[in-house]
Amino acid sequence: AKSLIWEVNTTNCEYLMAGILGDTQNLTNDLATVQTYKTMAEMIELGVNRSELEEARRQFNKMPDSIYYYKSELIKRTELHSNGQIALVTVPQNELNDFSPLYNPVALIQGDMQQIDTVKIAIVFKVYDSGKITAALRSSNDFPVAGNVAAHFGGGGHLCVNFETNYSFVLHNAFYCITEA
């Protein structure tokens, strides 16, 4: 921002820091570089209160009890494949209608899927009544294949990618990536 002569103030920096923390999973993935930490330090020096920002994030992520119980249903439905290296769950249209206005099902379950000690890639399929299927993938830092799988289907981005696809085709390619690694 400074090199582009953009206004740099505390409010702008709070938004920027929130974005950085989101994209880097609170500075825990490979997107967090030395420059990221330097930028974060500069924003703190400019007056961003990291603790207040974290508390605001926690408040934003609070959920009604219906979402909490829905999360337990998603956990029960999570399937493990390829010796537990692939975790997947499917969210049908009716659940998207009921729960997405309150909380994104992908954000609700995908992080927990990655907490399974054997999981290398977590896949959440959203299946729409129209026949459209989207997939959100996130792979572990030690097995960064989600981007390659997504690119194969015309998707992209970083370790968390979304794209439209065919359920069995993605699963087949995820199996292939696991076995070839």
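Tutor: Two strands pair if DSSP finds at least two bridges between them. The model considered here is predicted.

Student: In which sense do strand 1 (residues 79–81) and strand 2 pair?

Tutor: The pairing criterion is at least two bridges. Strand 1 and strand 2 are joined over 3 bridges, and H81 stands opposite I86 in strand 2. The sense of this pairing is antiparallel.

Student: Which residue in the turn of the hairpin has a positive phi?

Tutor: Strand 1 and strand 2 form a hairpin, with 4 residues between them. Within that turn, a positive phi of about 55 degrees belongs to S82.

Student: How many bridges join strand 2 to strand 3 (residues 121–127)?

Tutor: Strand 2 and strand 3 run parallel. P92 has V127 in strand 3 as its bridge partner. The number of bridges joining strand 2 to strand 3 is 7.

Student: Why is strand 2 (residues 86–92) described as largely enclosed by the rest of the structure?

Tutor: A residue is buried under 20% relative accessible area. Strand 2 has 7 residues, and it is largely enclosed by the rest of the structure because the number of them that are buried is 5.

Student: Is T36 buried or exposed?

Tutor: T36 lies in helix 2 (residues 34–45). Leaving aside residues up to four places away in sequence, T36 touches I20, T24, L27 and L31. Its relative accessible area is 12%, and the cut-off for burial is under 20%, so T36 is buried.

Student: What percentage of the 181 residues in the protein is buried?

Tutor: The protein has 8 helices and 6 strands. Across its 181 residues, the buried share is 38%.

Conventions
Residues are numbered from 1 along each chain as its sequence is written. This is a predicted model: local features need pLDDT of at least 70, side-chain atom pairs count only at pLDDT 80 or more; totals for chains, interfaces and linings use all residues. Side-chain values use heavy atoms; hydrogens and water are left out. Helices (H or I, at least four residues) and strands (E, at least two) are DSSP runs, numbered from the N terminus. Buried means under 20% relative accessible area, exposed over 50%, partly exposed in between (1.4 Å probe, protein chains only). Contact means heavy atoms within 4.5 Å.
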